Amino acid sequence: MNEPSRRPPVEFARLTAILRRRAPVILTCLVLVPAAALVGSLLSPTKYSASASLLFRNPALDQKLFSSGYLPPSNDPVREAATNRRLVSLATVAQRTAVALGGPWTADRVSGEVAIGDDNQSDVISLTATDRDPRVAARVANLFAEQYIAFRRDADRAKISDAQRLVVAELAHLSPRDRHGVRGQSLRKSNDQLSTLSALQTGNAERVQPARVPRSPSSPKPLRNALAGLLAGLLLGVLLALLIDRFDRRLRDSAEIEGLLGLPMLAVFQDSDRGLRPRAGAADRPLGDPDREAFRMLRASLDFLDVDAPLTTILVTSAVPEEGKSSIAAGLTEALAATGENVLLLETDLRRPSLARRLGLSSSPGLTDLLAGKVELEGVLQRTGPNGTPGEQAGDGDSEAAAASFCCITAGSRSPRPAEILRSQRMQEVLAGLAERFDHVVLDSSPLLPVVDTIELLPRVDAVVVCARVAHTQRTDLQALRSTLDRIPHGPSGLVVTCVRPRDEAVRGRYAYGYGPPAQPAA
């Protein structure tokens, strides 16, 4: 038996979702950064590099020639290598090279064109000169090496010359007798030895590899720079994507919304063009074929909110406007009606009513007129068919279309005091009467946070369905909504998330429903 495939960790899946969601930012960086590197390379002047190599060593000529040392040797090879590199970098060497080159050359220009190798563990160091002219590059590298050797040789000879001056001075102070004696002979011998040692000085360095005229340019390298730009663009794009997502307060997947609100997930709806946003015209119909299965799942999920009591009155709300609550309320009503039950859609959003326009019904008389006593219940009931097709009257027909039809009470005439009307005793009596007449009453209410209208209804309903919309609902909105729901008594609650793209889900496949046509049986 095959082991079930393991799902990737949630954090990795969420990171993948973030990168996919911010793909335009990453792609922009992947295009712009390499393009900038390539254009910069093509516009850069062509330069050539030539390298000369110096070998540092202490021949200890004083010890070899005279069995004693005039110049103390170093006992730390690492320190000596670092010292040699520091000496090569001195401005004095660059100045001597500039003088040897002549013309417009300066010490700063020489220092800018010569790069010194950074290997402190070796006795060999490279001197690389870069110039637009390959011959000039080779000449600068060779002259720099020669001037360093001359600089070191002159420094060592200066030390020996100082010793010679001391010997000559001491010899001059001797008496004529001592000058021709043993002491004078020893001083004259030392002076001769120092003269010989001075002539043999090499500066403890030699050029082991001269710089040759390069045949190909060292820069620019468009292909290399473009590839480096591609890598840099990828890293920059990923960092920007994570940074943008970090400061984006909108919630991006259903798992994050569910965890923040703390309600059980009832259904997830994809970003369908039908049924999730109000629009004008015939396309307003709240249900399209791709949404039917999701609404059936929502209907089935409601049965598990409270298995001990029937859910007759179901309030559909959201934290803020434009979350898809009206479409969810209308679609849920039709899904309940499709089971053959007598269902009513009651619009209690008295400030921004939309059901009349979306379902093609008359906007008045409606709920406010009923509560004001201007009309009886039969005068405000309107029946609508599947997909928002208006029926002639309540109870028409016995076809399949009529079986899925439902009654609707729109908001009615505008009222200056919506909250007071919904809080009234008359509203409580009407709601109780509707619950006795219909198997289910679905309330399309106002958003919870902007106004207090829906708060007045929460204790009077059997269940609450909260709608949240991906990439629209903000973290602070859900935090405030959760705090509000915790303070006010209400029936069991569940969550519906709209405008979800399955490929953006942090845990893909957890709530996604298949919207494709049913599979054909095998022949």
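Guide: Let's start with a term: a salt bridge is a side-chain nitrogen of Lys or Arg within 4 Å of a carboxyl oxygen of Asp or Glu. The model above is predicted, so local features need pLDDT of at least 70 and side-chain atom pairs pLDDT 80 or more, while totals for chains, interfaces and linings use all residues. Residues are numbered from 1 along each chain as its sequence is written, and side-chain values use heavy atoms, with hydrogens and water left out.

Visitor: How many salt bridges does that rule give here?

Guide: The count is 8 salt bridges. One of them joins R437 to E378, with their closest N and O atoms 2.5 Å apart. This pair connects distant parts of the chain, 59 residues apart: R437 belongs to helix α19 (residues 425–437) and E378 to helix α16 (residues 377–380). Helices here are DSSP runs of H or I with at least four residues, strands are E runs of at least two, and both are numbered from the N terminus.

Visitor: Are R437 and E378 buried or exposed?

Guide: Buried means under 20% relative accessible area, exposed means over 50%, and partly exposed lies in between (1.4 Å probe, protein chains only). R437 is partly exposed at 38%, and E378 is exposed at 51%.

Visitor: Which residue forms a salt bridge with R207?

Guide: That is E146, with the closest N and O atoms 3.2 Å apart. Because R207 sits in strand β4 (residues 205–209) and E146 in helix α7 (residues 134–172), the pair ties together parts 61 residues apart in sequence. R207 is partly exposed at 33%, as E146 is at 36%.

Visitor: Where do E113 and R109 lie?

Guide: Both belong to helix α6 (residues 107–113), 4 residues apart, or about one turn of the helix. E113 is buried at 15%, whereas R109 is partly exposed at 33%. There is also a network of salt bridges linking K325, D349 and D444.

Visitor: How many disulfides are there?

Guide: A disulfide is a pair of cysteine sulfur atoms within 2.5 Å, and the count here is 0. Take C407: its closest cysteine sulfur, in C408, is 8.8 Å away, which is too far for a bond. C407 is buried at 3%.

Visitor: Which strands pair with β3?

Guide: Two strands pair if DSSP finds at least two bridges between them. Strand β1 (residues 48–56) runs antiparallel to β3 (residues 124–131), joined by 8 bridges; in that pairing, L55 stands opposite V124. Strand β2 (residues 114–116) is also antiparallel to β3, over 3 bridges, with A115 opposite T128.

Visitor: Why is helix α11 described as largely enclosed?

Guide: Because 6 of its 8 residues (residues 254–261) are buried, the rest of the structure largely encloses α11. The buried ones are S254, A255, I257, E258, L260 and L261. G262 follows the helix, with a positive phi near 75°.

Visitor: Which residues make the nonpolar surface patch?

Guide: L236, L240, L243, I244 and F247 make a patch of about 460 Å². Patches use residues with over 30% relative accessible area and no salt bridge, joining like charges within 9 Å and nonpolar side chains (Val, Leu, Ile, Met, Phe, Trp, Tyr) within 5 Å. Areas come from the Shrake-Rupley method with a 1.4 Å probe; for residues, only the protein chains shown count as cover. L243, in helix α10 (residues 222–247), is partly exposed at 47%.
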